[in-house]
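User: I have a structure open and would like to go through it piece by piece. Can you help me read it?

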Amino acid sequence: MPRAKRRDLFSKRMVGYVNWHRGRKYVHRREVLNLLTHDLTERKPDHIAVTGDLVNLGLPDEFIRAAEWLHHLGPPARVTAIPGNHDAYVRLHPERGTRHWQPYMESNQGGELLVPTPPTLFPFVRRFGDIAIIALSSAIPTMPFIAAGKVGSLQRGLLGDALSRLGREGLFRVVLIHHPPLPGQAGWHRGLRDAGRTTSVMKQNGVELVLHGHNHEQTILELETVSGTATVIGVPSASEAVEGRAPAARYNEYAIARTDGGWRCEMVGRCVAAAGEHVWECERRVLRER
Ligand SMILES: [Fe+2]
């Protein structure tokens, strides 16, 4: 967290600043993030998806530091990011905020050919061979103590079109969204306001894998869709210290391959160990094999 100037704290940021210094700074640790990041980049994945939050209070310097971290993960062609609720903490001119991450938040050529990006920028689509990433933004500015999100009718409509189009192409569709998308996964104060309607769009058009953050815990749920069972996965924070209340920092690795008439998808969880000095394989599970 960069030092905040007094004038930057006249807003919701004041509440967040107090929260940070009273507790969050002891929970979210740079050294933990560095450890996890090092393990992740050493394993040389084909692609990295970051589902937010990347900053705390939305201070201009935080956005620059987050951009540096994204750059450390890899070039924009190999890293996709979406914003979380903290990334829209206060209304900030885009040039001073998420615009710093723009190269990580736009379609690639393959995705653009299939689904052109709307003027509102979300959802954008990236295609990598048999796999398509559909990236949503659920980040909205809210009142203090509220961490809710919303996809909105415009994005929901575009999401439906994109899913149906990519489904017709026979691609493995991965939706990225910061807030947990299923109804009941988070309460009114911090949940997705249009979880029901967003879930309906995914059910009606089909999706294979949905990845989200926000809840800081590992969850694996299933969603029955028109094209089969989708897996909905939440992952803990990437910076959570081992002794915190929430599960320690973790990321998940997904191996996705086409099979005869279906898909195989295996998840490997990589967690920061209790001693806090190394990362280990804490879970391995085949999510689908059909
Ligand atoms: Fe969040």
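User: In what order do the six strands of the open sheet come?
Analyst: This is a predicted model. In the sheet the order is E3-E4-E5-E6-E8-E7, and the pairing is mixed.

User: Which ones are the edge strands?
Analyst: Strand E3 (124-128) and E7, each of which pairs on one side only. From one strand to the next, the twist averages 20 degrees.

User: In what sense do E5 and E6 pair, parallel or antiparallel?
Analyst: Parallel, over three bridges between E5 and E6. Val174 stands opposite Leu209, which belongs to E6.

User: Which strands does H5 lie across?
Analyst: H5 lies across E3, strand E4 (131-135) and E5. Relative to E5, H5 runs at about 160 degrees.

User: And H6, what does that one lie across?
Analyst: H6 lies across E5, E6 and E7, and runs at about 55 degrees to E7.

User: Stay with H6. Which of its residues are buried?
Analyst: In H6, which spans residues 195-205, they are Ala195, Thr198, Thr199, Val201 and Met202.

User: New topic. How many residues are in the largest nonpolar core?
Analyst: It has 38 residues. Val50, Leu54, Leu70, Leu73 and Trp101 are those with the most contacts inside this core. Helix H3 (residues 60-73) gives the largest share of the core, six residues.

User: What is Trp101 in contact with, leaving aside neighbours within four places in sequence?
Analyst: Trp101 is in contact with Leu54, Val55, Phe63, Ala66, Ala67, Leu70 and Asp87.

User: And which residues does the second core include?
Analyst: That core is separate and has 24 residues, including Leu136, Leu159, Leu163 and Val232.

Terms used
Residues are numbered from 1 along each chain as its sequence is written. This is a predicted model: local features need pLDDT of at least 70, side-chain atom pairs count only at pLDDT 80 or more; totals for chains, interfaces and linings use all residues. Side-chain values use heavy atoms; hydrogens and water are left out. Buried means under 20% relative accessible area, exposed over 50%, partly exposed in between (1.4 Å probe, protein chains only). Helices (H or I, at least four residues) and strands (E, at least two) are DSSP runs, numbered from the N terminus. A nonpolar core is a set of buried Ala, Val, Leu, Ile, Met, Phe, Trp, Tyr and Cys residues joined through side-chain atoms within 4.5 Å. Contact means heavy atoms within 4.5 Å. Two strands pair if DSSP finds at least two bridges between them. Axes are lines fitted to C-alpha atoms, for helices over the stretch in contact, and angles run from 0 to 180 degrees between N-to-C directions.
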